[in-house]
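The model is shown first, and the description follows.

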Amino acid sequence: MSDSSKKEITDLHTRIQKLKEDLQTSKSAKMNAEQGNAKREKITKMSAEVVDSNPYSRLMALKRMGIVDDYERIREKTIIVVGVGGVGSIVADMLTRCGAGKLILFDYDKVELANMNRLFYQPHQSGLSKVEAAKDTLIHINPDVEFETHNMNITTMENFNKFVDRIRHGSLTGGKVDLVLSCVDNFEARMTINTACNEEMQIWMESGVSENAVSGHIQFIEPGRTACFACLPPLVVAMNIDEKTLKRDGVCAASLPTTMAVVAGFLVQNTLKYLLKFGEVSMYVGYNALNDFFPKESMLANPECDDKYCRKRQKEYKERIANEKVVEKEIVIESDQITHEDNDWGIELVEESAPEIKQETRKVAEGLQLLYDPVKHVEMESAETSSPAIDLSSLMAQLKEMNK
Ligand SMILES: [Zn+2]
């Protein structure tokens, strides 16, 4: 063997040795990281103890601050999150950190590099199913939360039944879940959730972000009480942007992590207020990012809704409130808190009244609009009532005939 060959072999040996060492280092770094993740043991009881090692101390402080009476109840709650994309993944993350009892995640998409402009997922998760990738991350953040994942599209008949079953039996005790959150990006999936929730008398909240990435909304839907998705066309934030720039085929929708995080934040805030009974649960909050405008609205269910379960729930709701004495929560505000005699800052306090229900006229709050025109029978109705040709007594007579 020549001298040069010998040298080559020695060099190769050295390189192999170096590679072996590098591999060992990276292996032990990975093991350390995994052990680090596993370090957070399950905690059987939420404590308010103020120590650096308590992941719940800041949440439990909400009780001491007088915001929430009984924060621990969050551990009994089960929430279904449909869609764990740009909004839903942050929603699931927030609920995990807040210590929710159980999260049931539905999605049929995979993580892609094209999602990296949003929060939560990481490049190394590309190709994994979103629900699995989400669970992998979340279980390390808070191992006290129970996770159930479904990598499926709920809009097919078979999967719809599975979805309904999880609403009915998904809770920690095998009963009904506490809330369904819609974080999907298409109308068909929203209507599927709407149908299931009307059938199951399940309260749910809807969220949406516009295709141009600069507006969004959240909506609270209680079957029989507030407008469902079949009652009225969806309410969206009016943007004064040419529709033609949005609706062309093949145009890629824009998205911003900022708008998605704002909408996710509103959705989880409303969720916490509803589940833990504090503050005021919003019926509808819009967000116009261009001028930082947050229009609010409230819509009652439409008695002529196309969804028969919605009409059934409306009847039940009417019966329920007729039987129950609905006691309005009295809000007492100390008068010296709101009137400042010497107002150096010139701040005026404007009394905010409860939002008006404007379903009859189909007019909505400033800055909001219905996605499309309501169905014709609404217009016919108003034409009839405004017609002077029909007198009231003949109408009453006709009504009597109908009721026989
Ligand atoms: Zn309806």
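## Confidence and architecture

The structure is a predicted model. The protein has a mean pLDDT of 83, and 77% of its residues reach 70 or more. The pLDDT falls below 50 over residues 328-361, a stretch with 14 contacts in the model beyond near neighbours in sequence. Residues 376-396 also have pLDDT below 50, and this stretch has three contacts in the model beyond near neighbours in sequence.

Eight strands form an open sheet with mixed pairing, in the order 3-2-1-4-5-6-8-9. Strand 3 (146-151) and strand 9 (296-297) are the edge strands, each pairing on one side only. Strand 3 pairs with strand 2 (residues 102-107) in the parallel sense, over six bridges. Within this pairing, His-150 of strand 3 is the bridge partner of Phe-106.

Strand 6 (residues 215-221) runs antiparallel to strand 5 (residues 204-209), to which six bridges join it. Strand 6 is also antiparallel to strand 8 (residues 284-288), with five bridges between them. Bridge partners in these two pairings include Met-205 with Phe-220 of strand 6, and Gly-216 with Tyr-287 of strand 8.

How many residues of strand 6 are buried? The count is seven of its seven residues, and the strand is mostly covered. Both faces contribute: one side holds Ser-215, His-217, Gln-219 and Ile-221, and the other holds Gly-216, Ile-218 and Phe-220, all of them buried.

**The core.** The largest nonpolar core comprises 68 residues, and those with the most contacts inside it are Ile-80, Val-81, Val-82, Val-91, Val-180 and Leu-181. Helix 8 (residues 257-276) gives the most to this core, namely seven residues. Leaving aside residues up to four places away in sequence, Ile-80 touches Ile-104, Phe-106, Arg-166, Ile-167, Gly-170, Val-177, Val-180 and Leu-181. Phe-106, one of these contacts of Ile-80, is also the residue whose bridge partner in strand 3 is His-150.

**Helix 8.** The 20 residues of helix 8 should span 28 Å at 1.5 Å a residue, and the end C-alpha atoms are 28 Å apart, which agrees. Its buried residues are Thr-259, Met-260, Val-263, Ala-264, Phe-266, Leu-267, Val-268, Asn-270, Thr-271 and Leu-272. What covers the buried residues of helix 8 includes strand 1 (78-82), helix 3 (88-97), strand 4 (179-182), strand 5, strand 6 and strand 8. Following helix 8 is Lys-277, whose phi is positive, near 55°.

**Helix 9.** Helix 9 (residues 308-323) has 16 residues and reaches 23 Å from its first C-alpha to its last, close to the 22 Å expected at 1.5 Å a residue. Tyr-309, Cys-310, Arg-313 and Gln-314 are buried in this helix. Why do the buried residues of helix 9 line one face? Seen down the helix axis, the buried residues fall within an arc of 140°, so they line one face of helix 9. What covers the buried residues of helix 9 includes helix 6 (187-200). The face turned away from the buried side carries the exposed residues Lys-308, Lys-315, Glu-319, Ala-322 and Asn-323.

Most residues other than glycine have a negative phi. Two residues that depart from this pattern are set out below.

| Residue | Phi | Location |
|---|---|---|
| Ala-213 | about 70° | loop between strand 5 and strand 6 |
| Lys-277 | about 55° | loop between helix 8 and strand 8 |

Ala-213 lies in the hairpin of strand 5 and strand 6, which has five residues between the strands.

Note on methods
Residues are numbered from 1 along each chain as its sequence is written. This is a predicted model: local features need pLDDT of at least 70, side-chain atom pairs count only at pLDDT 80 or more; totals for chains, interfaces and linings use all residues. A nonpolar core is a set of buried Ala, Val, Leu, Ile, Met, Phe, Trp, Tyr and Cys residues joined through C-beta atoms within 7 Å. A residue is buried if 20 or more other C-beta atoms lie within 10 Å of its own, exposed if 12 or fewer, and partly exposed in between; C-beta atoms are placed from the backbone. Helices (H or I, at least four residues) and strands (E, at least two) are DSSP runs, numbered from the N terminus. Two residues are in contact if their C-beta atoms, placed from the backbone, lie within 7 Å. Two strands pair if DSSP finds at least two bridges between them. pLDDT is the predictor's confidence in each residue, from 0 to 100. The expected span of a helix is 1.5 Å times one less than its number of residues. The arc is that of the directions from the helix axis to the C-beta atoms.
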